[in-house]
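Thanks for coming. I have one structure to go through today, and I will keep it short.

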Amino acid sequence: MAALTQQFQPSPTHTLRKRAAATATATATATATATATATTTTTHRRCVATLHVPQVPTSAAPLSSNVLRQTLDDPSLKSTWSHRAWVACGCTTIAFTLAKSMAMAAVSSSWLEPAGAGTLGYFVADLATGIYHWAIDNYGDASTPVFGSQIDAFQGHHKWPWTITRRQFANNLHALARATTITLLPLDLLPLDMGLEAFVSVCAGCIMFSQQFHAWAHTPKSRLSSIVIVLQDAGLLVSRSKHAAHHRTPYNNNYCIVSGVWNGALDEARFFEALEMVVFFRFGVRPRSWNEPGSDWKEEGDPDSSS
Ligand SMILES: [Zn+2]
Ligand SMILES: [Zn+2]
């Protein structure tokens, strides 16, 4: 699905990683020991990039609480008018596609077909986000054409998961909204079957908002609205507890981020492990999940986790 190719937009964590590197460099110049550590780390990063093993940040120079707090004012977390315009366009194309389906259903007095197709779209969207998330988590790096920034962003997300909860709404969704608009606009000009219109609109809508569902899965309950908590607890949106498993060792499961309904079946069937074997034997490329993060890797917590 074309919309998926830009599902996950570049993250401010890329900027954060640069800041972490800058902090490491500053620390390194302070003492000879720190210099040696930073040099070793830099060399190690170059090596792992060459060998296509995990590019995880190290804790050789952990971010201080102050540095983490400063990132909250990072302009890359804020929405721009361009972001808002793309989100408005995405919502409009989705609403228009859904309205076409509803209009046809009203004329024919047949609601079963669009209702069934829309439900199918909701389930397919969850599966699609899982496959795409697995792919960018495990293959390529920041230099990969088209997907490089998304791959780098998700590696950063694994290091600083909480930053997604501090991004403004349109900032979080604008890349998905752009992909949705570009994909749906041509379809809106075609006379499609009402079932297909319902499927496409719901599937695209769930994919476009999946980053918001993902952000809610990282947000403390105290900062969520009650309706979101109800939907998460009912399993209609990916829950905090289930998505948390994705951020724990062995870092190779729970990839779906709409409802997460596919996660149990896919992980039990070792679906992604099977795909990884196919990729390895066909192309000789190892996924990151086969190389567990080193003992020096540690997820940085939210400096304001009490809120
Ligand atoms: Zn991930
Ligand atoms: Zn996450």
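Predicted model: local features only at pLDDT ≥ 70, side-chain atom pairs only at ≥ 80, totals over all residues.

The secondary structure is quick to describe. The protein has 13 helices and 0 strands. Of its 307 residues, 39% count as buried.

Let me start with helix α9, residues 210–218. How many of its 9 residues are buried? The count is 7, so α9 is largely enclosed by the rest of the structure. The buried ones are Ser210, Gln211, Phe213, His214, Ala215, Trp216 and Ala217. What do they pack against? Their partners are α5 (112–138), α7 (169–188), α8 (194–208), α10 (226–233) and α11 (240–246).

Two of those partners, α7 and α8, also pack against each other. Two packed helices are described by the angle between their axes and the distance between the axes. Here the angle is about 165 degrees, and the axes of α7 and α8 are 9 Å apart. That angle makes α7 roughly antiparallel to α8, because anything over 145 degrees counts as such. The crossing of α7 past α8 is right-handed.

On the α7 side, the contact is made by Leu173, Leu176, Ala177, Thr180, Thr183, Leu184 and Leu187. From α8 come Val200, Ala204, Ile207 and Met208. By type, the residues of this contact are 9 nonpolar, 2 polar and no charged. As for the spacing, an α-helix has 3.6 residues a turn, so residues three or four places apart point the same way.

Now the loops, and some backbone details. Most residues other than glycine have a negative phi, and most peptide bonds are trans. Where does this model depart from that?

One case is the peptide bond from Thr249 to Pro250, which is cis, with omega near 10 degrees. Pro250 lies in the loop between α11 and α12 (263–268).

Asn254 is also found in the loop between α11 and α12. Asn254 is not a glycine, yet its phi is positive, about 50 degrees. Is Asn254 buried or exposed? It has 25 C-beta neighbours inside 10 Å and therefore counts as buried, the cut-off being 20 or more.

Arg270 sits in the loop between α12 and α13 (271–283). Its phi is positive too, near 55 degrees. With 13 other C-beta atoms within 10 Å, Arg270 is partly exposed.

That is what I have; questions are welcome.

Conventions. Residues numbered from 1 in each chain as written. Chains lettered and ligands numbered in written order. Buried ≥ 20, exposed ≤ 12 C-beta atoms within 10 Å, placed from the backbone. Helix = DSSP H or I, 4+ residues; strand = E, 2+ residues; numbered from the N terminus. Contact = placed C-beta atoms within 7 Å. Axes fitted to C-alpha atoms, helices over the stretch in contact; angles between N-to-C directions. Parallel < 35°, antiparallel > 145°, perpendicular 65-115°, else oblique. Left-handed = near helix turned anticlockwise from the far one by under 90°. Nonpolar A, V, L, I, M, F, W, Y, C, P; charged D, E, K, R; others polar.
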